[in-house]
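Dear colleague,

Please find below the structure that I am handing over to you, together with its sequence. My findings follow directly after it.

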Amino acid sequence: MGVSRRLVSTKPDTAIKPEKSQVETNPADATNPPPESVLSLDQIGQVFAKGSDRLVALEHVDLGIRPGEFVSLVGPSGCGKSTLLKIIAGLLQPTVGRVQFEGSAVTEPRDEIGLMFQTPTLFPWRTTIRNITLPLEIRKATEFDWEQRVAEVIDLVQLNGFENHYPRELSGGMQQRVALSRLLVSDPHLMLLDEPFGALDEFTREHLNTELARISDHEGKTTVFVTHNIAEAVFLSDRVVVMGTRPGRILEVVDVPIPRPRLPASRRSPTYNDTINRIRETLDLS
Ligand code: ADP
Ligand code: MG
């Protein structure tokens with residue numbers, strides 16, 4: 001914890017480049033896991049069969065993610081984003097291919113890999129603080145000082161003053177802050193987030209994105225973030241993986257050379273808009 005992502009991600013291909021090439025991507029880098037990858041997806045394929053129907057949810061997904069990198073998966077509904085995230089989490093075994101994290105194959109859920117979903121799934125009878133400590137209680141964590149980490153996380157997500165509130169006393173945005181705290185408190189090495197702000201109104205979403213960028217810069221954790229919101233992906237990410245449907249696959253991997261820290265003003269940079277447009281073109285939305 002506390003390692004700035006900026007210190008660990010010396011990424012030559014995402015360094016600031018001349019304006020013209022800023023939103024260009026390098027297809028070779030996109031598909032070949034770079035040697036320094038901490039997470040690598042190797043030829044992942046997923047087929048769901050129902051009776052005689054076969055649905056190719058994912059095909060030939062190859063991707064390497066560096067330590068501390070923030071990568072988003074973006075694409076239309078049904079392109080396999082959640083399926084891919086479940087495979088990375090070890091919740092689903094792919095039909096073909098393999099996932100490696102920190103040097104070993106992911107075949108089942110691991111403590112170092114944390115997940116967060118669109119619905120906060122908080123326990124209504126537990127206060128904020130007791131929802132946050134739940135994962136530590138479940139695994140009877142003894143390896144670090146809970147109290148200190150809980151206080152640090154509450155500070156980080158700005159839940160001070162709400163420690164003893166119940167979920168029903170919190171807004172949707174606050175509930176997602178609790179869910180994010182519950183994810184951070186275990187200090188996972190890899191954070192997987194599946195449309196965590198998808199159910200929130202636009203203002204709250206934008207605000208939480210700014211907060212997540214700050215938290216992410218502070219924590220420096222390797223993150224895979226699923227969304228169908230292109231602007232959100234660009235704002236948060238070092239790279240955006242653009243996915244398509246039928247079959248679910250990677251269309252392109254786009255670098256986001258917007259300097260960090262990412263601040264609300266980053267949304268006004270020309271690179272931000274150029275990158276959004278580039279992704280829209282890839283998705284045939286322009
Ligand atoms: P996304 O998250 O991008 O919207 P999903 O990963 O949820 O897409 O789904 C990709 C495709 O796989 C969809 O067509 C979905 O209906 C199908 N699918 C996902 N999970 C299952 C499952 N357990 N059984 C059958 N089909 C599934
Ligand atoms: Mg999904």
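Two residues are said to be in contact, or to touch, if their C-beta atoms, placed from the backbone, lie within 7 Å. On that basis, and not counting residues up to four places away in sequence, Val 241 touches Leu 63, Val 71, Ser 72, Leu 73, Val 74, Ile 250 and Val 253.

Please note that this is a predicted model, in which local features need pLDDT of at least 70, side-chain atom pairs count only at pLDDT 80 or more, and totals for chains, interfaces and linings use all residues. Residues are numbered from 1 along each chain as its sequence is written, while chains are lettered from A and ligands numbered from 1 in the order in which they are written.

The chain as a whole

The chain contains 10 helices and 10 strands; helices (H or I, at least four residues) and strands (E, at least two) are DSSP runs, numbered from the N terminus. Of its 286 residues, 38% are buried. A residue counts as buried if 20 or more other C-beta atoms lie within 10 Å of its own, as exposed if 12 or fewer do, and as partly exposed in between, with C-beta atoms placed from the backbone. Among contacts between residues at least 6 apart in sequence, 72% join residues at least 24 apart.

The nonpolar core

A nonpolar core is here a set of buried Ala, Val, Leu, Ile, Met, Phe, Trp, Tyr and Cys residues joined through C-beta atoms within 7 Å. The largest such core has 62 residues, and those with the most contacts inside it are Val 74, Leu 84, Ile 88, Leu 192, Val 224, Val 240 and Val 241. Helix α7 (residues 172–185) supplies the largest share of this core, seven residues. In soluble globular proteins, nonpolar side chains tend to be buried together.

Which residues are around ligand 1? They are Phe 48, Leu 55, Ala 57, Gly 75, Ser 77, Gly 78, Cys 79, Gly 80, Lys 81, Ser 82, Thr 83 and Gly 248, a residue being near a molecule if its C-beta atom, placed from the backbone, lies within 6 Å of it. The elements that give two or more residues to this shell are β2 (53–65) and α3 (81–89), and α3 gives the most, with three residues. By class, the shell divides into four nonpolar, seven polar and one charged; Ala, Val, Leu, Ile, Met, Phe, Trp, Tyr, Cys and Pro count as nonpolar, Asp, Glu, Lys and Arg as charged, and the others, Gly among them, as polar.

Seven of the nine residues of α3 are buried, so this helix is largely enclosed by the rest of the structure. The buried residues are Lys 81, Thr 83, Leu 84, Leu 85, Ile 87, Ile 88 and Ala 89. Just after α3, Gly 90 takes a positive phi of about 80 degrees.

Helix α10

Helix α10 (residues 270–282) has 13 residues and reaches 18 Å from its first C-alpha to its last, close to the 18 Å expected at 1.5 Å a residue; the expected span is 1.5 Å times one less than the number of residues. Its buried residues are Thr 275, Ile 276, Arg 278, Ile 279 and Thr 282. They cover an arc of only 160 degrees around the axis, which puts them on the same side of α10; the arc is that of the directions from the helix axis to the C-beta atoms. These buried residues pack against β3 (70–74), α9 (230–236), β9 (239–244) and β10 (249–255).

Thr 282 is buried, with 20 other C-beta atoms within 10 Å. Not counting residues up to four places away in sequence, Thr 282 touches Val 242, Leu 251 and Glu 252. Its C-alpha atom is separated by 9.1 Å from that of Met 243, 39 residues apart along the chain. Just after α10, Asp 284 takes a positive phi of about 65 degrees.

Backbone points in the loops

The peptide bond from Arg 246 to Pro 247 is cis, with omega near -10 degrees, and Pro 247 lies in the loop between β9 and β10. A cis peptide bond also joins Arg 260 and Pro 261, with omega about 0 degrees; Pro 261 is in the loop between β10 and α10.

Thr 121, although not a glycine, has a positive phi of about 40 degrees. Thr 121 is found in the loop between β6 (113–116) and α4 (128–132) and is exposed, with 12 other C-beta atoms within 10 Å.

Yours sincerely
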